[in-house]
Structure formats: structure tokens, C-alpha cells
Amino acid sequence: MKLTILGGGGFRVPLVYGALLKDRAEGRVTRVVLHDVDAGRLRAIARVLAEQASGVPDAPEVAFTTDLDEALRGAAFVFSAIRVGGLEGRADDERVALAEGVLGQETVGAGGIAYGLRTVPVAVDIARRVARLAPDAWVINFTNPAGLVTEAMSRHLGDRVIGICDSPVGLGRRIARALGARPREAWIDYVGLNHLGWVRGLRIAGRDELPRLLADPVLLGSFEEGRLFGADWLRSLGAIPNEYLHYYYFNREAVRAYQEAERTRGAFLRDQQARFYAGVADPGVPALELWNRTRAEREATYMAENREAAGAGEREAEDLSGGYEDVALALMRAIARDERATLILNVRNRGTLAPLDADAVIEVPCLVDASGAHPVSVDPLPGHATGLVCAVKAVEREVLAAARSGSRATAVKAFALHPLVDSVNVARRLVDGYTAVHPGLAYLG
Ligand code: G6P
Ligand code: MN
């Protein structure tokens with residue numbers, strides 16, 4: 001079975017390959033094709049993968065190409081993990097937004113809109129090519145902003161594109177652990193959009209244990225989201241939000257923390273990865289060791305400014321070991337082998353959240369088998385969460401419309417309607433600032 005990875009020179013590809021190496025079952029991936037627009041990055045990642053595979057019998061064969069169509073032909077699965085504009089672009093997204101006093105994060109607020117505006121046209125081109133060259137392939141989208149990009153691709157691929165994120169699984173795992181339960185045995189009642197969802201219940205043997213957690217300040221202080229949001233606020237909400245909601249509920253503090261930081265997240269990763277890719281180009285440097293060290297540093301500093309602003313301390317050791325590759329592999333296996341699984345995924349709504357239309361991509365627990373991912377029915381969100389979800393979905397729709405029409409006015413509307421952008425004038429300046437620095441936004445006339 002052939003798996004194609006777009007963004008194959010990306011830093012997190014060895015996580016996926018490491019998970020493939022552990023898969024010994026019948027029907028597993030035997031051939032991996034890495035596609036990237038940058039041959040140098042492909043060579044660097046090739047060295048890491050070769051070291052990972054050394055000594056592993058029947059390791060999946062790996063091929064590399066900069067030809068997208070060749071990469072797609074014959075693929076059973078396509079993982080799409082691209083970064084349009086690179087980490088330099090991510091750092092620019094943050095800088096332009098923070099200078100206007102708004103958030104530049106790659107998925108939330110102004111930064112997410114800017115990143116979406118330059119990613120959607122590329123993702124749509126990929127989706128069209130998949131539909132033409134590999135119509136039976138399943139596309140698993142990792143590319144951020146994941147919900148928006150998945151929705152853009154779903155207009156060409158229908159339910160054959162599924163978006164993934166590891167943050168809901170990580171959250172569920174942390175809550176289960178805090179309650180002394182095994183994550184596998186817990187049913188997590190989670191719904192929303194990508195990076196904009198809430199755990200409203202966690203049932204173990206049919207019993208909702210979330211009230212017990214919310215009532216106990218010691219338990220709430222024992223895991224990341226508990227410390228990030230604080231016991232009082234979580235009790236007021238009666239739910240545990242995804243960590244990305246820290247950018248909404250504590251927006252002022254988050255913006256200030258990133259303005260005052262020595263470097264933004266994007267700038268930190270840009271510099272860190274520049275060192276990594278330059279280092280691996282030296283054949284004397286042990287590639288896998290350097291990759292491991294770089295990855296550990298990346299994990300340890302994830303959302304550091306938010307945690308610092310909240311006084312939440314360091315991340316737990318158990319939270320440092322990824323999880324994103326596990327979601328992707330579990331999804332691929334469930335489809336390829338028709339092994340029923342329940343996973344929280346980004347799929348079309350189809351009536352799951354009544355205020356949104358059927359084609360809106362949401363993040364929700366799904367039953368997965370060979371026929372794809374099917375959202376389970378969930379309780380409605382409370383008013384304030386529905387309001388946020390609808391507002392952000394409306395913004396996403398403006399981004400999709402601007403990407404399709406090339407209308408600058410529509411791009412301004414996308415920024416201006418976002419709940420975290422506080423003036424139409426700010427939105428206008430953001431469009432000016434972003435189009436001035438991003439060649440990928442030249443299409444906005
Ligand atoms: C989490 C998020 C992903 C994000 C990743 C890495 O897993 O859910 O969407 O890509 O963290 O974040 P970083 O800031 O290290 O790029
Ligand atoms: Mn994510």
C-alpha cells in the first residue's frame with residue numbers, strides 16, 4: 001500500500017515514519033513517497049528516516065520526489081502537511097498581527113486568517129489533482145489551519161478528505177489521567193471547530209466523571225488545561241476547553257505575552273529548524289540524534305507564553321511525546337483494514353451541530369471504518385460556544401470566498417468579522433501589511 005506525504009521534507013515526517021515502522025500488521029504501508037517543493041529538505045529528512053529504518057526488517061520503502069503528480073498517482077492515502085510560505089511566513093504572520101495589537105497565532109485570529117488565505121489556493125490545487133489522479137485515495141489533512149483547509153479541500157474531494165489534530169486526544173488523555181482512568185476506556189464528549197472545541201463530559205462505564213473533576217480544585221490543578229484556565233473559570237464554563245481557547249478567554253494576556261516575548265513561536269521555530277536543516281546537511285552529523293534533540297526542545301516550549309501568562313508551569317513529561325502521528329495512523333488503519341474505531345476528526349457537519357450547514361467542517365467524535373468517518377450525534381453546544389463557533393465559521397467562509405474570488409474586500413471582511421479583531425480599520429491595515437510581505441497573497445487584487 002502506497003502512502004504519499006505532501007510536505008515530505010517537513011520536520012514532523014519522522015514521527016509518522018516512526019509510527020509506520022512499528023506497524024507489523026497485514027495490509028500495512030509498504031511504500032512511502034515523500035513530496036516536497038524543496039529538494040534540500042527532502043534530502044535532510046531522508047537521512048533521518050534512513051537512520052530510523054536501520055536494523056528494522058521490512059521497513060517501508062521510501063522514495064522522494066518534487067513532482068506532485070507523480071507523487072499522487074497510485075496513492076491509497078495522502079497525508080497533506082504543507083506549510084505555504086514556510087516558517088518565515090509564520091513568523092511574518094505573527095509580527096504583522098502583533099504590531100496591530102492582535103493575535104498572530106497560526107490558527108487563531110488574524111494570524112490564522114493570513115495563513116488560511118495563502119494556504120487555501122494551494123490546498124485546493126492539491127485537492128483537484130488528487131480528484132483527477134488518485135480518485136480513490138483518502139486524504140488526511142494535517143495542514144493548519146486544519147478545519148478551514150479541510151473544508152476547502154472537501155469542496156473537491158467530499159468526504160474523502162479528513163482533517164486531524166492531536167489536541168482533542170491530548171486533552172481527553174489528560175482529563176482521563178487526572179481522574180485516574182485509562183484513556184482508552186473513556187468516552188470523550190467533545191465538539192466544536194478545530195482548535196475551538198470543548199469537552200462537556202467524560203464517561204467511564206457510562207458514568208459522567210467530569211462533574212467530579214470540576215468539583216475538585218486539586219484534580220483541576222493537576223493537568224495542563226486545568227492550570228491554563230484556572231479552576232474557577234472551568235467551573236463557570238462547566239466544560240474543559242481546548243487549550244487554544246486560552247487565546248480567546250485570556251486574549252489580552254496572550255497578546256501581551258507574545259508581544260513581550262523575545263521571539264514569537266514562529267520566529268523561534270524558524271531559527272531552530274534553520275539550524276536543524278543546516279546541521280543535517282553535514283554528513284558527519286548524526287541526523288536522528290539531532291532530530292530527536294530538536295524535537296524535544298520544540299515540544300517542551302509548546303505554548304510556553306500562554307503557560308507563563310497563566311502561571312501554569314512546565315508541561316508534563318507524558319505530554320511531550322506527540323500523538324499526532326498516532327491519530328493519523330489509527331485513522332488510516334481503521335479505513336484500510338475496516339477496523340472500527342472512534343476518533344475525534346474534522347469532517348463535514350451533516351446536521352451534527354444544528355446551527356451550522358451540512359457542509360461546514362467541524363471537529364467531532366466519528367465512527368470510522370472502510371466507508372470513512374461518520375460523525376456521531378452530540379448534544380448541542382451552549383449559547384456562548386455556539387456563538388463563537390458560528391462567528392469563526394463565518395470568518396472561515398469569508399476566507400474561502402476571498403481565496404476563490406481574489407477579492408481584497410472579502411479578505412478585509414474575513415479579518416474584520418473575527419471576534420479577536422477589534423476594528424474594521426485594523427482589518428484593513430492587516431490586509432495591507434500581509435499583502436506587502438507575502439508573495440502568496442499577490443492574488444488579492
Ligand atoms: C499541536 C497542534 C497542532 C500544531 C502542533 C505544533 O499539536 O494541535 O496544530 O501543529 O501543536 O505546534 P508548534 O507550535 O510546535 O508548531
Ligand atoms: Mn492542531
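Reply: A polar contact here is a pair of N or O atoms within 3.5 Å, and within protein one of the two must be able to donate a hydrogen and the other to accept it. In this predicted model, the side chain of Asp92 makes such a contact with the side chain of Arg95, at 2.9 Å. Asp92 belongs to helix H4, which covers residues 86-99, and Asp92 is buried, because its relative accessible area is 12% and buried means under 20%. Leaving aside residues up to four places away in sequence, Asp92 touches Tyr434, Val437 and His438.

Turning to the ligands, the manganese ion (ligand 2) is coordinated by Cys165 through SG and by His195 through NE2, at 2.3 to 2.4 Å. Cys165 sits in the loop between strand E6 (161-163) and helix H7 (167-178), while His195 sits in the loop between strand E7 (186-193) and strand E8 (196-204), so the pair ties together parts that are 30 residues apart in sequence. Both Cys165 and His195 are buried.

For the side chain of Asp166, the corresponding distance from an oxygen atom of ligand 1 to an N or O atom is 2.5 Å, and for the side chain of Arg265 it is 2.8 Å. On its own, ligand 1 has 390 Å² of accessible area, of which the protein covers 91%. Around ligand 1 there are 13 residues, and those that come nearest are Arg90, Asn144, Asp166, Arg265 and Arg298.

How values were computed
Residues are numbered from 1 along each chain as its sequence is written. Chains are lettered from A and ligands numbered from 1 in the order in which they are written. This is a predicted model: local features need pLDDT of at least 70, side-chain atom pairs count only at pLDDT 80 or more; totals for chains, interfaces and linings use all residues. Side-chain values use heavy atoms; hydrogens and water are left out. Donors are N, O and S atoms within 2.8 Å of the metal (3.2 Å for Na, K and Ca); water is not among the atoms, so sites may look incomplete. Helices (H or I, at least four residues) and strands (E, at least two) are DSSP runs, numbered from the N terminus. Buried means under 20% relative accessible area, exposed over 50%, partly exposed in between (1.4 Å probe, protein chains only). Contact means heavy atoms within 4.5 Å. A residue is near a molecule or strand if one of its heavy atoms lies within 4 Å of it. Accessible areas come from the Shrake-Rupley method with a 1.4 Å probe; for residues, only the protein chains shown count as cover.
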